[in-house]
Amino acid sequence: METQTPGPAQLLKLAGDDDTAAFAALYDVTSPQVFGLLTALFPIEHDALQATTDAYTSLWRQAPHFTFDFNVDHADEQARDRTVVAWINSIAQQIGRYHRPDAQDVGDVSRMQAVASRLKELEPLTDAQALALTTIWLGGRTVNEAASELNVAVPTLKSRLRDATIRLTRHYQTEITGRTSADNDPLLTTRVTGSLSSSGGQTAAFSDDVEADLQVGLGTELATLNALQAFDDDDSVAVEAWINRQDRDVAAQLRARHALFQRMLTWAYRRVSAHPPASLLDSVLDQLPEQNVGIGFIEGVEEYEIEEDPEQQRRSRTMFIVVGIVLVVAVLAAVIFLNTGDMRIRSSVDDAEDTVTVDAEMEEGTATGRFSTAEDAAYLTFEDVPELSEDESYQVWLFEEPGGSVVSVDTYTAEELEDDEVEFRGVAAYQLLWITVEPQTGSETPSGTAVVEMPLEG
C-alpha cells in the first residue's frame, strides 16, 4: 500500500502531540533554510549552530499552540505547509536577532548586499529596496538599526520596506497563483495608504517615531512592517495593540496580510540555504524541554533559554506583566485620542486662521491646495485630471526643501484625485509638494518632472 509522506503542517501537528520522530522529520525538511538564514546572519558557524538549536527548541515549545487561520487560505494542504514553513522561519529570524549581541561576528551591509544581488526573486525591487529588505530580514536588524547602517533616514527606510513588501508580494502571488493583477488579489486590494488612512484624514508620510505614525493614521503601513519583524519589542507591541483596536474585518485583513507577507519572505529567500552538520539534530533532540501544554501561546513572545531556572522564570513573569501594562496604556491612549482627537482634516484646515490656498495648473486641469501650519494639515482638490495608462499612476511627494529629502504621500489614479482623496498631516515639516507620473506600483523617488509643483509655505 502506498503511503504519503506527511508535509510540514502534519508534522507540526504531530510534534505538538509530543511526537519526537515527527519533530525530527520536520527538522529535516526545514533546517536547510533555517540554518541558511542564520548562517547569512552569523558568519561564525558556532553562532549559527547555537541560534539554530535555540530556534528548534523554541519551535518544540510552541508546537502545541500553533493554529491555522481558516479565514485566510488554509483550505488546502499546500497553503498550510507554506504557512508552517514561514512561521518556522519567522521564529528563526527572531532568535537570530536576539542572539546578535552575544555573537562573535554579525553579517554586515556588504554581506547582505551580496546575498540580495544573487536572488532572482528580488529582481522586481530596486537595489535600495532589496538591500533594505535583506538587511531587515536576513540581517535581523530593526528599522532604526538598519537605517543607521545603511545611512538613510528612518522615514526613508520605512518607505522602502513598505514599497518592497507590496511589490515583492505581488510578484510572489503571480509566481504562485498565476494572477497578474492586484485587483484580483483579496489580500492586497486595500491600497498601501488607502481607505483606512485617507478616510480618517490622515497622512502617509512616515516619521522617526512609531507612536507618532500611529497617531496620524499609518497603522496599516506599520502592520506591514511588523510582519517583517522590523521593530523592537516596544514598537511591535504598540502596532499589535493598534491592530487589536480595529474593527473585526479590518483586523482580520491585516492579519491575513501579515501571514501573506511572511510566506512571501520565505519564498523570496528560500535559496539562502545551507545544510547543518548531521550531529546537530541529535544535539537539538537532547536539549528539548518538556512541552508545557497548559500555558497559552502568545505569538511573538519567545523563550530563548534552553535551561529553565528560577531566575529566568521570574524574568518571564515580569516581562508578561510589563507587556500587559503597555497594552492597557496603549488602549487607554487610543480611547482618549479617538474621543478627543482631530476633526476631519478639511474642517480643521478650513476653520484655521492661517489657512493658505494655492492653485496650480495641471495640463488642461487645475490643482488646488489648502493648508494650515497651525493645524499641521493639508488637502488637495482637482479638476479635469488627465487620464493615465493602466500601468501608470500619479504620485504625490513632499520635500523638506526644494531639492532636499523627499517622502511619498501615496499613489493615485486620475479618478481618485478628482474624488479629493489627498489629505495629509505633517505639512509644517515640508516646503514643497510635487505630483509626478510614475509606474502603477509607485517609485522610491520622483523619476520624472513634476506635473504639479506647489509651495507649502504661506
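Predicted model: local features only at pLDDT ≥ 70, side-chain atom pairs only at ≥ 80, totals over all residues.

Q: How many aromatic pairs does a search of the whole structure find?

A: The search finds six aromatic pairs.

Q: How are the rings of Phe23 and Tyr56 arranged, stacked or edge-to-face?

A: Planes over 60 degrees apart count as edge-to-face. The planes of Phe23 and Tyr56 stand at 80 degrees, so this pair is edge-to-face, with ring centres 6.3 Å apart.

Q: Is Phe23 buried or exposed, and is Tyr56 buried or exposed?

A: A residue is called buried under 20% relative accessible area. Phe23 has 0% and is buried; Tyr56, at 1%, is buried too.

Q: Now the sheet. What holds strands together in general?

A: Strands of a sheet pair through backbone hydrogen bonds, in a parallel or an antiparallel manner. Here, an open sheet of four strands runs in the order E1-E2-E3-E6, and the pairing is antiparallel.

Q: Which strands stand at the edges?

A: Strands E1 (356-362) and E6 (423-425) do; each has a single partner strand, so one side of each lacks a neighbour in the sheet. On average, neighbouring strands of this sheet are turned by 20 degrees against each other, direction ignored.

Q: How many bridges join E3 to E6?

A: Three bridges join E6 to strand E3 (residues 377-383), and the two run antiparallel. Ala377 stands opposite Arg425 in E6.

Definitions and conventions:
Residues numbered from 1 in each chain as written. Heavy atoms only, no water. Pairing = 2+ DSSP bridges. Axes fitted to C-alpha atoms, helices over the stretch in contact; angles between N-to-C directions. Phe/Tyr/Trp six-rings, centres within 6.5 Å; stacked < 30°, edge-to-face > 60°. Buried < 20%, exposed > 50% of the residue type's maximum accessible area, 1.4 Å probe, protein only.
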